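Here is my note on the model you sent over. Have the sequence and the 3D view open as you read, and go through the points one at a time.

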Amino acid sequence: MRPGATDVRTIEELEKTFRGSEELARRLARVIHERFNQARKVLGLDSIKIMNFCGTHEWTIVHFGLRSLMPKGLELVAGPGCPVCVTPSKYIEDAIRLSLDGIRVYTYGDTYKLRTINEVRGVTSLEEAKAMGGDVKLVLNILEAIKDSRNNGKEAVFLGIGFETAAPAYAQAVLSGKMPDNLKLLSLAKLTPPAMFYAMDILREKPPEPPVMGVIAPGHVSTITGAKAWEPVAENYSVPVVVSGFEPLDVLLSIAEILRQIISREAKVKIEYTRAVTWSGDLKAQAMIHKVFETVDDAWRGIGFFPLSGLRLRDSFARMDAFKQFGIKEIRPEEWRKDTPPGCRCAEVTLGKAKPTDCPMFLKKCTPEKPYGPCMVSLEGTCAVWARFGGGGVADEIARELGL
Ligand code: SF4
């Protein structure tokens, strides 16, 4: 057998099973309709919300039109699961400053257009900084940054943005001894469970109408953390949590399971994404993250300061730490200010309290080509997903009018 042939066939089989089975999708949609009717009787509510924490789930929901399959009154709302959207403006301003001072800044493409709320020497994004002569280089991963900085010997910094899925690669780079002395890591990586707790706290203090009664937890993050990371959400907030894969049928199955639990008055963590996620997660990756990083209270753009939600390099790796080597100051909780641009409703969008279409700037002043707010920048940003694939657009309006 040709090397790799098994992998290719497996991927095709997975696609056929989870994407190509229209009949199964229709049956699942019927199950969701039936269960939703029972669930609202159990809860005594006309409508309920299910939060999909992760930007990639939002992509699946919008791209495959899953909202149009939902019964009237069952709302799927996005959560704060886009790392670029929640990276504080201040740290991008710091990166702009470094690039204009001639220090090479390595960044992912989706961070390039992220706008800051304060100007740095007349500049409000890394893209503009580059146009003004700043040294900004786009990379796909930290290994590219290591290779490039080794070759040119320039002082450089890598913007380490991401969630638990990105952190093991940063930890591995640090531990491998391959980082050259001229390259520093600005660790802006974040942990998702604390954000979920905080989002649920906020939503509980001021419940939206309708309330969030279930959570679709991120599948890729859970490959690292394990499904156990979400147990406190189910226990403390009495809501079912389902760790879901990213194919349309994964999401439909997860919604059906959340409704089943509501009907039987359960609030448990279930793994739908069993082909990739275990209860305990990737223990080796967890150990690597723990060895390299300490957890700190961290700022989430527009939303607030979450306890123990950020990863910073431990003191033993201080010589690689851009915070320490370039004198970058951490945001202190008492200094935190809402850092979304005026009028941008990104914070509400990331907490499931508003839809992108509720923002008057959506697809007017704020577009994927010229993003105004942070949720319009990354492919995982809810506003960008809706803008690119039509969530809340004409198709949804027609479906609503037809009562679908
Ligand atoms: Fe913010 Fe733009 Fe989304 Fe409005 S459309 S909430 S300005 S990102």
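1. Start with helix 2, on the face turned away from its buried side: the exposed residues there are E23, R26, R30 and K41. Helices (H or I, at least four residues) and strands (E, at least two) are DSSP runs, numbered from the N terminus.

2. A word on what you are looking at: this is a predicted model, in which local features need pLDDT of at least 70 and side-chain atom pairs count only at pLDDT 80 or more, while totals for chains, interfaces and linings use all residues. Residues are numbered from 1 along each chain as its sequence is written.

3. Which residues of helix 2 are buried? They are I32, R35, F36, A39 and R40. These lie on the same side of helix 2, because they cover an arc of only 135° around the axis; the arc is that of the directions from the helix axis to the C-beta atoms. An α-helix has 3.6 residues a turn, so residues three or four places apart point the same way.

4. Two residues are in contact if their C-beta atoms, placed from the backbone, lie within 7 Å.

5. After helix 2 comes G44, which has a positive phi, near 70°.

6. Next, find I61 in helix 3 (residues 55-63). I61 counts as buried because it has 25 C-beta neighbours inside 10 Å. Beyond its neighbours within four places in sequence, I61 is in contact with N52, L66, R67, L76 and V251. The C-alpha atoms of I61 and E247 are 9.1 Å apart, although 186 residues separate the two along the chain.

7. Zoom out to the whole chain, which has 17 helices and 11 strands. Of its 404 residues, 50% are buried. Among contacts between residues at least 6 apart in sequence, 76% join residues at least 24 apart. The C-alpha atoms fill a box of roughly 65 × 55 × 40 Å along the principal axes.

8. Finally, the ligand: 14 residues surround it, and the closest are C344, C359, C366, G373 and C383. Here a residue is near if its C-beta atom, placed from the backbone, lies within 6 Å.

Key:
A residue is buried if 20 or more other C-beta atoms lie within 10 Å of its own, exposed if 12 or fewer, and partly exposed in between; C-beta atoms are placed from the backbone.
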